[in-house]
Every structure is written in structure tokens, then in C-alpha cells.
Amino acid sequence: MKAKGYSKEKGAGPQALGGYLSAQRKPGPLWRFGLLSVCVVFFAGCRLDMHIQPKYKPDEPSTFFEDGRSDRPEVNGVVARGHLRVDQQFYTGRVNGVVVNTFPFPITREVLDRGRERFNIYCSPCHDYTGSGHGMIVQRGFPAPPSYHIDRLRQAPVGHFFEVITDGYGAMFSYASRISPKDRWAIVAYIRALQLSQHATLNDVPAQERAELTEEAK
Ligand code: HEC
């Protein structure tokens, strides 16, 4: 039986199709190429060697090692590249056990800006933006820290501040895991700037602006 619609088209009947096929019976180069690429694609999909490979995922047990773990512990004394802490002052705030009163690198405007940013994030919640110790957490009941502007802390060496941030101090916890040593020094530099800001005299003001200030005060 002829399919309806199919037979209506002139020359498109089964015979015409058969004639077309017989005329093309010998597969041409294009046809071979097509078949080859289908095979290549098909068999490539069946390769498993790189897809299912013997490997351990993190924390997977292993029967190979005595302790039954696939993760290997660090070999004692190994230091990752760039992590050798030879600079005592930079990493501890002390040199030969004595708390330092100098910075381990030059303090520039950039360092102070960084210090202010980090201080406002990490310290101001308790110490407030000026360092007087009335931050929001304190207003909500946390023990009040001393003001940075008391004589004892104004005279404390910079290494002391570095140690307080690194190790914590009394009720204040350590920030070692959150603030890198370089940023700790930047914060200390900014604390020094805060201290100066509360104890500046007219002599600290540049001469040309001094006149302006005295004028205003009159
Ligand atoms: C959660 C509140 C809190 C935060 C945040 C905090 N501190 Fe403190 N800090 C305290 C308290 C409370 C004390 C007083 C601790 C004591 O005497 O027991 C203190 C004390 C100090 C002191 C004085 C130490 C001394 O010699 O008396 C310094 C300096 C200090 N903090 C620096 C910092 C710096 C820098 C940061 C930010 C990196 C910081 N703190 C963040 C609560 C905080």
C-alpha cells in the first residue's frame, strides 16, 4: 500500500528512491569518512582509563599504609616555600626575647591606610574608632578594654601591641588566625597614629596651618 501524500509527489515514489540508491550504491569517499568519524566518536566514548583511575580522595582510608590513612602527615621540620619564619621581629614582635619598639618595615601612607581599614574591621567593635574602648560590643556588656590613650599604653613599645593582637590579652582573644603578621604591624602603626591624634599639640601642626588654627581660636 502506498502512503497517502507520498505517492502524490511526482517522481518521489519508492521506485524513484530505489533508483537513487542504486545509482549511489558504491560508497563515495565522503560516505566512508562519515562512517569513520562516527566510529571514532563512538569508541572514544568507551575509553575509561583516564576516567576511572586508581586514586584516593581526601580522608579516604587506605590499606597500603600502616596507620590506615591515605593522607600522609607532614614530615617533621619541613617548611613550605616562603613560610620560613626567620625574621624574629616581624613574626614575634621581639628580638632576643626583648619586646621591640621599632617597626620591621617602613611605615608609609599606604601601610597606615591599610592599618586603619583593618583596625576598623577587627578592633573598633570593642575599642571603638578612636581607641578609647567604648565600642558597640562593650556597650552591650563585653568587658571594657583600657583606652589606648592612657599613659601606660602610650609608652608601651610597638611590639607589645603586636603581641596583644597575636596572642590575645586577658578577656581579648587572639587574632593570629584572622590577621596576617604584616596587617598586624599596619594596625599597630595606625594605633600609634590614633594615640598621636589624641595628644597632638600645636607644635605638631605644620607652621603654615598653625596660624590658621590660632586665628580660629581667637
Ligand atoms: C571583642 C572585643 C575586642 C576586640 C574585637 C578587640 N579587643 Fe583588644 N581588648 C579587649 C579587652 C576586653 C581588653 C582588656 C583585656 C583585659 O585586660 O583583660 C583588650 C585589651 C587590648 C589592649 C591593651 C593591652 C594592655 O596592655 O592592657 C590592646 C593594645 C588591644 N586590646 C588591642 C586590640 C587590637 C589591635 C584589636 C584588633 C586587632 C583588638 N584589641 C580587638 C577587647 C577586644
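**Exercise 1.** Work out what share of the chain's contacts between residues at least 6 apart in sequence join residues at least 24 apart.

*Solution.* Start with the term: two residues are in contact if their C-beta atoms, placed from the backbone, lie within 7 Å. Now take the contacts between residues at least 6 apart: 49% of them join residues at least 24 apart. Keep in mind that this is a predicted model, where local features need pLDDT of at least 70, side-chain atom pairs count only at pLDDT 80 or more, and totals for chains, interfaces and linings use all residues. Numbering starts from 1 along each chain as its sequence is written.

**Exercise 2.** Describe how helix H8 packs on helix H9.

*Solution.* Step one, find them: H8 covers residues 158–167 and H9 covers residues 181–198. Helices here are DSSP runs (H or I, at least four residues), numbered from the N terminus.

Step two, the geometry: the angle is about 125°, and the axes are 9 Å apart. Axes are lines fitted to C-alpha atoms over the stretch in contact, with angles from 0 to 180 degrees between N-to-C directions. So H8 is oblique to H9; oblique is what's left after under 35 degrees (roughly parallel), over 145 (roughly antiparallel) and 65 to 115 (roughly perpendicular).

Step three, who touches: H8 brings Val158, Phe161, Phe162, Ile165 and Thr166, while H9 brings Arg184, Trp185, Ile187, Val188, Ile191 and Arg192.

**Exercise 3.** Find which residues Tyr190 touches.

*Solution.* First, skip residues up to four places away in sequence. You then get Leu112, Gly115, Arg116 and Phe119.

Conventions:
Helices (H or I, at least four residues) and strands (E, at least two) are DSSP runs, numbered from the N terminus.
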